[in-house]
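Here is my note on the helices. Please read it alongside the model.

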Amino acid sequence: MSTYGAHEAVGARVPRSHRPRDTRKARNAVTAVFFVHGMLFASWVAHIPHVKEQLGLGNGALGFALLGAPLGSVLAMMLAAPLLPRLGSRRVVQIALLGYCAAGPLVGFGRSLTGLFLALLAWGAFQGTLDVSMNTQGLSVERAARSPLMPGFHGSWSLGSFAGAALGTLGVAIGLSLSEQVLYLAAPSLLIVGVLTTQMLPDERTVVTADSQRRESLRRAVRNTAIVVLGAIALADMLCEGAAAEWSAVYLRDNKHTTFAFAGLGFTIYSLAMVSVRLSGNGLLRWRRPERLLPVLAGIATFGLVIGLVTNETAALLAAFGCLGLGLALVVPTVFSAAGRVSGVNPGTAIAVVSAFGWIGFVCGPPIIGQIASAWSLRVALGLLPVLTASIAVATSRSMALRSQIPG
């Protein structure tokens with residue numbers, strides 16, 4: 001079942017076997033798409049302080065502008081869900097990838113608060129559609145391979161995010177504009193990865209049920225306590241992820257008065273820590289079960305954030321963002337996998353509900369941080385993050401869904 005769209009087609013699946021070579025090619029294609037998605041998203045983070053200063057935005061106004069991308073993503077997901085069963089994830093990936101690469105450079109042309117918001121809204125719409133479809137394709141490949149692959153795919157996203165953050169920092173240092181940088185990254189990505197997407201697998205066929213049955217399946221998922229707990233964990237996690245992406249550079253620039261280029265290091269270190277853990281995620285989860293491993297990682301994030309924000313030293317803050325990346329790295333792929341194993345609920349519907357919770361956190365995170373920063377300070381606003389990571393530590397240690405048997 002797809003991460004978001006599978007709840008549109010709930011029924012008897014028709015199994016399909018694939019040759020190992022085809023599955024391997026599709027796995028490489030999905031890995032490449034995840035990488036490009038993360039790279040383009042993260043490449044603009046280092047430019048945020050410059051855009052903020054150029055447009056003369058306060059923290060509250062910037063928080064509103066940053067709401068555009070996740071809001072566009074959520075709106076697009078609502079449209080993409082019914083398209084996926086009809087067009088298939090491979091075709092939707094190709095369409096969304098084209099739009100994502102084309103819309104990215106437009107963000108740099110925003111010359112006002114409204115213009116920036118609308119540009120991010122459009123870019124976020126393609127970003128969200130690509131996110132939905134690439135996760136759908138990733139789950140199809142995972143089933144074909146009969147092996148857990150989602151941590152690796154999300155690790156590729158984090159690797160792309162790290163590369164994008166580093167390239168963004170370099171771009172700021174050498175004086176590239178946001179539009180120039182995104183264009184230089186998007187053009188070859190579209191050419192190379194666009195070709196690879198032709199090797200993706202067709203989705204498993206399903207027997208589509210009536211609308212009333214789909215609604216009843218969704219109601220069962222929303223009322224399921226295990227699903228709600230996993231959704232709450234995803235919400236807290238993605239609120240922290242959004243805050244790290246959108247506010248780390250701003251904090252280092254405004255509060256520590258670093259250069260624009262140096263300000264991008266916070267998210268770069270965060271991304272490096274996350275990708276390191278995700279790429280070793282399968283081994284870590286074989287070493288320790290998720291209900292034991294995730295609380296420890298979240299505890300490290302909590303401790304690092306508290307030390308960084310209390311001391312307010314630049315080195316400690318950079319380490320704190322690294323601890324945050326380490327602590328959050330395995331939450332989303334593990335929670336998605338656990339949601340798909342909850343008994344009595346269609347796997348696709350369960351994952352869709354948990355994903356929706358997560359995106360609520362991603363949508364609400366930037367403006368919440370911005371409004372708290374406007375009322376008090378950005379330092380106080382970022383104090384919300386260790387509270388959330390501590391909550392993740394408690395919730396993951398108690399979640400019964402995370403204690404179920406992990407396949408593979």
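The points below take the helices in turn.

1. Basis. This is a predicted model: local features need pLDDT of at least 70, side-chain atom pairs count only at pLDDT 80 or more, and totals for chains, interfaces and linings use all residues. Residues are numbered from 1 along each chain as its sequence is written, and side-chain values use heavy atoms, with hydrogens and water left out. Helices (H or I, at least four residues) are DSSP runs, numbered from the N terminus.

2. Helix α1 against α5. Helix α1 (residues 20–43) packs on helix α5 (residues 89–103) at about 25 degrees, and the axes lie 11 Å apart. Axes are lines fitted to C-alpha atoms over the stretch in contact, and angles run from 0 to 180 degrees between N-to-C directions. The two helices are therefore roughly parallel (angles under 35 degrees). The crossing of α1 over α5 is left-handed: the near helix is turned anticlockwise from the far one by less than a right angle. From α1, Val 33, Val 36, His 37, Leu 40 and Phe 41 meet Val 93, Leu 97, Tyr 100 and Cys 101 of α5.

3. Helix α2. In α2 (residues 48–55), Ile 48, Pro 49, Val 51, Lys 52 and Leu 55 are buried (under 20% relative accessible area, 1.4 Å probe, protein chains only). They cover an arc of only 165 degrees around the axis, which puts them on the same side of α2. That arc is taken from the directions from the helix axis to the C-beta atoms. On the other side, Glu 53 and Gln 54 are exposed (over 50%). The buried residues pack against α3 (59–66), α6 (113–145), α8 (178–196), α10 and α11. Gly 56 follows α2, with a positive phi near 65 degrees.

4. Leu 239. Leu 239 sits in helix α10. Leu 239 is buried, at a relative accessible area of 7%. Gly 361 is 122 residues away in sequence, yet its C-alpha is 4.4 Å from that of Leu 239. Leaving aside neighbours within four places in sequence, Leu 239 is in contact with Gly 361, Phe 362, Gly 365, Ile 368, Leu 384 and Leu 388 (heavy atoms within 4.5 Å).

5. Helix α15. Which way does this one face? Eleven of the 15 residues of α15 are buried, so α15 is largely enclosed by the rest of the structure. Among them are Phe 321, Cys 323 and Leu 328. The buried residues pack against several helices, including α12 (265–279), α14 (290–311) and α19 (384–398).

Definitions and conventions. Parallel < 35°, antiparallel > 145°, perpendicular 65-115°, else oblique.
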